[in-house]
Each structure stands twice: as structure tokens, then as C-alpha cells.
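Please examine the sequence and the structure shown below. The explanation after them is meant to be read with both in view.

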Amino acid sequence: MQEIRHRIPLVAQANAPLVLYGESGTGKDVVAQLVHQHSESASGPFVKVSCPAIPSGLLESELFGYEKGAFTGANSSKPGRVEMANGGTRFLDAVSEIEISLQPKLLQLLQDGRFCRIGGFDERAVQLRLICASTRDLMEEVALGRFREDLYFRVNVLSLRMPALRERVEDIPMLVDYFLQDLNRSFDRHAPPLSPTMIRVFQGYHWPGNIRELENLIKRYVVLGSEEAIMSELRAMHEFPFELEIPEDGSSIALKE
């Protein structure tokens, strides 16, 4: 993470397309915003598009906008997220989910900075920084025929890989302390620090939801007020490299080697 922190200002100043790789919940959104804040476009807008959250049939109009009468229900013209990001940064989350039929239009935008709204004939010019995020290896997506090779080489000029939380377990105590302080303030609570045993349990867990899952567990602890409240879920669904002994009376969790 220190290496990533060191690289953020460097890639920010390059003003070239950037891809952030990593599992869901590893903090790609946070890094994208930090890159924007350190870039020459920091005074411009930061516009995020979550590609999986938008139905494939609507993604083109959401990105590039449309002119009045372009289709049924288009009663007025509407700018897309590309125009909204002019002078700033456009962040495409889960870029691998963009259908291959729409990818040529994105490629054209990257090549010459121009595009047309749906139903329009006049090309529009924009200046923006493109940051993409992907949980998948885009080169593998190219080999499978789901991502254009020419688009890959346009978007993958710079890249950063966000490590999974299980690859950085030494950071867990610091992250727990940060979330605990922040959530105690947010919920006006005074939940005490987690026990060393609980921290060790966290460090032995594989964290499929990464930092987002950790934050949610600390939120549950702050609201419900006991370690048992967060252990019940972990104990029921996941294996640990040691046995857990959780007394019924709610006293401290113990480990059995």
C-alpha cells in the first residue's frame, strides 16, 4: 500500500488512461478519487459510471447522451456522463462489463476526444482523464473475445493493482482502529477496542469482501456492542487456521490451537 501511495501522484500527473485492477472492495474507488485530486484536472468534475449498475441497453445513452427524438420517450436532449466529465475525470467502474458492440464508440473517444450523442450528427469534443476499474484481467477478456484488443491498449496505458485484504493482514489492526473511531463518531457510540484475540481472528480470515466487508463488520460491532455479534457470522460460514471457543455467556473469545 505504501508503494501504491507513492505511485498515485506520479500516475496522476501523467494524464494518461489508467486501469485499477483488484477484487471488489479493495478500494479502487478511493484510489481513483485520489488520482483525480492529484491531477491537473482536480478542479474539474469527477464523474463515476458503474457499468454493471446500468442496463446494457441504456449504457450508451447514459455515457454519450442523446438528442430529442432519438428514440421513443426522448422528449428533450440530454447530455451524457462523458460531457458531464469534460475538464475533469471520468471513472468507469467494471469496464469489462461494457458490451463489445459499444466498445468502438469508447475507442473513438479515446483516439480523438470526440463523440456523437445518440440521434445526433454533430461531433462533440471533450477533454477528460479516463480511469477504469476491473475485477477481471482485461488481457484475458481480450483472449476470450469479450474485450477489444485495440481498446485494451488504449485504456491500459497505466495500471495499478489493489491487493486483497488477505494479502495485507498486517494492516488490519490499523484499519480496525480507523473504522472504529470513525463509526463511533458517526453512530455516537463508545464501543471499546477489539480484543487482541479478535484481531488475530480477523488476520486468519480470508476476507472475500475485502475492506468493505471489514468496515461492515466493525459497523455491526459498534451498533450491537459485542464481539459475538460479528463472530457468529464468521464462525457459521468460514474456516480459520485455528479453532474458536466462544462461550455462551458472551465472555471473551478464546483460541484453541
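The following paragraphs consider a strand with its neighbours and then a pair of helices. The model is a predicted one.

Which strands pair with strand 6? Strand 1, formed by residues 18–21, pairs with strand 6 in the parallel sense through 4 bridges. Within this pairing, Tyr 21 lies opposite Ser 134 of strand 6. Strand 3, formed by residues 89–93, also runs parallel to strand 6 and is joined to it by 4 bridges. Here Leu 92 has Cys 132 of strand 6 as its bridge partner.

The helices come next. Two packed helices are described by the angle between their axes and the distance between the axes. Helix 1 (residues 2–14) packs against helix 2 (residues 28–38) at an angle of about 60 degrees, and their axes are 8 Å apart. Helix 1 is therefore oblique to helix 2. The crossing of helix 1 past helix 2 is right-handed.

Which residues make this contact? Helix 1 contributes Ile 8, Pro 9, Val 11, Ala 12 and Gln 13, and helix 2 contributes Val 31, Leu 34, Val 35 and His 38.

Conventions:
Residues numbered from 1 in each chain as written. Predicted model: local features only at pLDDT ≥ 70, side-chain atom pairs only at ≥ 80, totals over all residues. Heavy atoms only, no water. Pairing = 2+ DSSP bridges. Helix = DSSP H or I, 4+ residues; strand = E, 2+ residues; numbered from the N terminus. Axes fitted to C-alpha atoms, helices over the stretch in contact; angles between N-to-C directions. Parallel < 35°, antiparallel > 145°, perpendicular 65-115°, else oblique. Left-handed = near helix turned anticlockwise from the far one by under 90°. Contact = heavy atoms within 4.5 Å.
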